[in-house]
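Q: I have a new structure to look at and would like to learn how to read it. Could we go through it together?

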Amino acid sequence: MYKKSVRGELILGNKSYAQITEDVLRHQESEPKWYSAPKWWWAAFIFFFILLAVGLGYFVPLTIAKGIGMWGNNNQNAWGWAIINFVWWIGIGHAGTAFSIFLLVLRQKWRTSINRAAEAMTIFAVMAAGLFPAIHVGRPWDEFFIFPYGPNSRGLWVNWNSPLLWDVLAITTYLTTSFLFWYMGMLPDFATIRERSTGVKKKVFWALSFGFVGHLKTWRRFEDAVIILGGLAAPLVISVHSIVSTDFSASVLPGWHETIFPPFFVVGAIFSGFAMVLTLMIIIRKVYKLHEYVTDDHLDAIARIIIFVSLIMGSAYLIELFIAWYSSNMYEEYVFDETYLTGDYAVPYWAMFIFNAIVPQLFWFKKIRRNLTTLFIISIIINIGMWLERYNIVIPPTAQDFLPANWSEYSPTIVDIGIYLGTIGLFGVGVLLFMRYLPIMAMNELKQQAKRQTELTEEKSVYDIFEKKLVK
Amino acid sequence: MKKFIGVYDDDVKLLNGIDRMNEDRVKVDDVITPFVIEELFEKLHIHSNIQFLAFIYGVLAVIGTLAGLVYTFVIDYPLNIDGKPNFSLVFVILLFVLMVLTVVVLTTLTFFHQERLLPMKKLPFEYPGMHVDKFVVVVPTDAKEKAESIFRETGAIDMKEIEMNA
């Protein structure tokens, strides 16, 4: 239950319903042509498009043409940057849904200004994530073997026992669910844009809105369908990242063979995603001057969640170290004592520890939580820290496992780096197109929120409403 | 099909108007609003069967997935690994994931089907602002007189007869 006295005003400035529409669509409607956009938008778009073109237009075809040998992978490190980046992106993708859906299911009304952008972020992050396993198989044209399309040419079925198959199914399900949830939520807003536009734009949004009109029955069905999608996507977030973690923990490799991995991965995903939501919302608020919708209270609430999640991350790191010592398993102890804490990978390990478990503790200070610059910098630091965490999970245990004779060093090649930058380009281009052409906030939900806020202002407190209902 | 509409620019006035309609037993065919107003569902007894259908889809998806797994593991290609059949607890994960996929896709399709949503679907009518800040109450033309006085008394900003596409 939303309580104004706890959260404060979620939409500042006593906005009317028409003003909400104006404010959210101002940046779209003020552009005279479909291709016109502010200079900063074009500069950012060109930058990310170059990354996308070089990464996905050159390095991906190069990998497919010449093979995985173009990457830094070797006998020991069969999973290199591709899987680091896959887990990193999928983690970011999870928070969009976690943010939007967990808060929807928990009836947290402060999600309304942020959920749309968070969901969009999910779609582009999952697309970026999906690219890596797709090219990592080496022969993408044979990928249909992964799907259970029926007994293959040897009369065999897919291996249902393999976490890698679960991964394919889970991520396909996740992408589908996230996309449908995102798109369904936009239908009413597409109808608003359709009504306010003319010419080709009207036709485009007519098609995109599927002729949506806010009939009473439509809203009822819409509410029910959205809550079903949300209710199913919430446990899906947990299951998908747990499944991703079993890709590692189902092995017997020291450093990977840990029962803590599923919750650790889920929390890590939410952590990195919330940081990315923070990064994006600070940018959107700044460039579109939406501080009345994304208020300091909103950012403050995200920062508080980050403190909580960061504490869980810190605990997980300490538990890993404790269990390695307590298990008395020499291989496990070696990975943690010699490889991570003091060995070849001490720098990324300690950087990860500081970035993820210590730096976010600065959010305990209100001044830091309320300062956009510090919020932005810390959100970036967390994203780097979470990338390092995936690096520490993927590389060191495989580089230095049971037999020292097998030990190897891993370093990425230019192709690895190029593809990673390409996915950043894909994400950036996607987010920029979303910001330019689609409703960046859920207008219908903001209006509902404004209505609720007015009711609460008129009543003295939420308890008065309960009392009134009881009297009735 | 001819209908009579009254337009409000405020949801509180709209709810008053609907209360009056209910008191005077004027049939309300539809209310078109720019956002969800949950009180209206209660006042006009609007229900949907989507949640029930979603449950049925879930049950069918679980049965279908289980049947598929049993077929592949036990009937079509039975394996015995170290004395154990190759039908382990993994089915729990697969059941969940495939159940979610099926329910999500079918629930969305049900919503689109029930609403007959199609690209470029003809709109029933257009009233400026009905997706922004206007609340349109649709009543049958034979209740026009009663409705007109209620609309006027409860602060409707506009009322008129319109041609509505089915």
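Predicted model: local features only at pLDDT ≥ 70, side-chain atom pairs only at ≥ 80, totals over all residues.

Q: What share of the contacts in chain B with a separation of 6 or more comes from residues 24 or more positions apart?

A: In chain B, such residues account for 84% of those contacts.

Q: Which helices and strands does chain B have, and in what order do they run?

A: Chain B has five helices and six strands. Starting at the N terminus, the order is β-α-β-α-α-β-β-α-β-α-β.

Q: Is chain B compact or spread out?

A: Chain B is more spread out than a compact globule, because its radius of gyration is 25 Å, well over the 15 Å that the globule rule gives for 166 residues. Its C-alpha trace spans about 80 × 30 × 25 Å along the principal axes.

Q: How is chain B divided into domains?

A: The domain assignment gives domain 1 (2-34 + 129-163) and domain 2 (50-114). The centres of these two domains of chain B, taken over C-alpha atoms, are 47 Å apart.

Q: How do I read a strand such as β5 of chain B?

A: In a regular strand, side chains alternate between the two faces of the sheet. Strand β5(B), residues 135-140, is mostly covered, with five of its six residues buried.

Q: Which strands pair with β5(B)?

A: Strand β1(B) runs antiparallel to β5(B), joined by six bridges, and Lys3(B) stands opposite Pro140(B). Strand β2(B) also pairs with β5(B) in the antiparallel sense, over three bridges; there Ile32(B) has Val136(B) as its bridge partner.

Technical notes:
Residues numbered from 1 in each chain as written. Chains lettered and ligands numbered in written order. Buried ≥ 20, exposed ≤ 12 C-beta atoms within 10 Å, placed from the backbone. Helix = DSSP H or I, 4+ residues; strand = E, 2+ residues; numbered from the N terminus. Pairing = 2+ DSSP bridges. Domains from an automatic or database assignment. Rg over C-alpha atoms; globule rule 2.2 N^0.38 Å. Contact = placed C-beta atoms within 7 Å.
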